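Please keep the 3D view open as you go.

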Amino acid sequence: MPQMYVAFLLDLFQPSRQKYGLMKEIIAECYRPLVEVFNSHHNARFTLSLANSLAELLIDYSETEVISRLREAVQSGHVELVHTAAYHPILPLMPEQEVRRQIALDIEFKKEHFGVTTRSGILSPEMCHDDRLIPVFEDLGFRWTVIDDRVMGMHGVEIPERAILHVSDIAVLMRSSFWSNKILQKDGAGRYLTGKEFIGQLEQEAAGRAEDGYRIIAMSGETFGHHIKYYEETFLRDMLFALERSHAVRLCCVSDLLQVGSLPHVQKPRETGRGFEYFPLSSWATQPEDCQRGDPYPLWKSRGNPIHEQLWDLTNLVLDSCQGIDFDNPANKELRRALDSAFYSTQYYWASIWFWKPRLIYEGIDLQMRALYARLPRNRQVVNQVLDEGQRIYARLMWEIYQRAQREGGLPE
């Protein structure tokens, strides 16, 4: 009987300035129930990406139970803890040295706190992809990464159902946008899919196949319990019970897919005349219409969005002003720490056309300006020029935020 292998990749992230009250709510609704699910079923196998910013908050708030139970799940093999960028920046929009820095921080943190010493896979935050990341990931020793499949077909890239695509020595796997979104969205009757229903539908899909196949389901880990109440029970735990009776569906970690003998490994050929080398620019939020207007990261740097434009002007000013600094010098430790946490993804997300929370944009602006001020004393010759430009960008940002708030019926929070 053909087998359908399914791997869940859950991304857990909170910004480093997340409010205490909201953190306690998410911990109670999601993180504690999740680690309990991971540890209470013999057939649990999940791949988890955990941002340092969230893990540090859990440590700061003395959530020792969540940390210890997650460590237990990792040690028992129920959870594969993979790497990401430590503070969740949009990697394709960052300089390569910052990309490497963020990954290095993540590697060090997971080794220290969870005993993770292998470099199996790496998730680019928000699944934002640029082919330029692939050689960086390969150079750092990773075996696989995951990109979204939604816009591949329109660019002439075939979506594999059983083959493991490789670019050189690193596997580039694809998230099933169909199945991931089906789990996230209500049906016509206003119901979310249950775990038992999900397994039943995968069994039907497997029955119609002549060979083994696989699906990768990837989404925010906070979906389970926080975004969708009790979904860790009605979907994840329900799925684990259903899997005990299934002969066609096999739950596995993402890394396990590379070891399945019936799934062939294929080198991805270079593309010609398509504007990219292997895969188009994309994210797990990118729609075909976004690609058509040249907007591959619509929630984080959208064309025609003046707040995004000014926010990235500030980001680039801060990063450019720090070129050539010796960060091995202990005198620059404070600046380095400020830079590490200043460019997280959600400050741009809440300034997008579709989502809007001015207070959460302000927090990102504040961190970036703090990094800029931490930079200035290092070189008094550039103080006036850089500070003047930073203040001009800051003023334009505040004006654009005010203007949008007025259009939407109220002053910023």
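A residue is called buried under 20% relative accessible area, exposed over 50% and partly exposed in between, using a 1.4 Å probe and protein chains only. This is a predicted model, in which local features need pLDDT of at least 70 and side-chain atom pairs pLDDT 80 or more, while totals for chains, interfaces and linings use all residues. Residues are numbered from 1 along each chain as its sequence is written, and side-chain values use heavy atoms, without hydrogens and water.

**Cysteines**
- Cys-253 is buried, at a relative accessible area of 1%, and Cys-252 is buried too, at 6%.
- With a disulfide taken as two cysteine sulfur atoms within 2.5 Å, the count is zero.
- For Cys-252, the nearest cysteine sulfur is that of Cys-253, 7.1 Å away.

**Helix packing**
- Helices (H or I, at least four residues) and strands (E, at least two) are DSSP runs numbered from the N terminus.
- The axes of α2 (residues 52-60) and α4 (residues 96-114) come within 11 Å and cross at roughly 35°; axes are lines fitted to C-alpha atoms over the stretch in contact, with angles from 0 to 180 degrees between N-to-C directions.
- Contact (heavy atoms within 4.5 Å) involves Asn-52, Ala-55, Glu-56 and Ile-59 of α2, and residues of α4 including Leu-105 and Phe-109.

**Sheet**
- Five strands make an open, mixed sheet ordered β4-β5-β7-β6-β10, where pairing requires at least two DSSP bridges between two strands.
- β4 (121-122) and β10 (265-267) are at the edges with a single partner strand each, so one side of each lacks a neighbour in the sheet.
- Strands β5 (residues 144-148) and β7 (residues 170-175) run parallel, joined by five bridges.
- Trp-144 sits opposite Ala-171 of β7.
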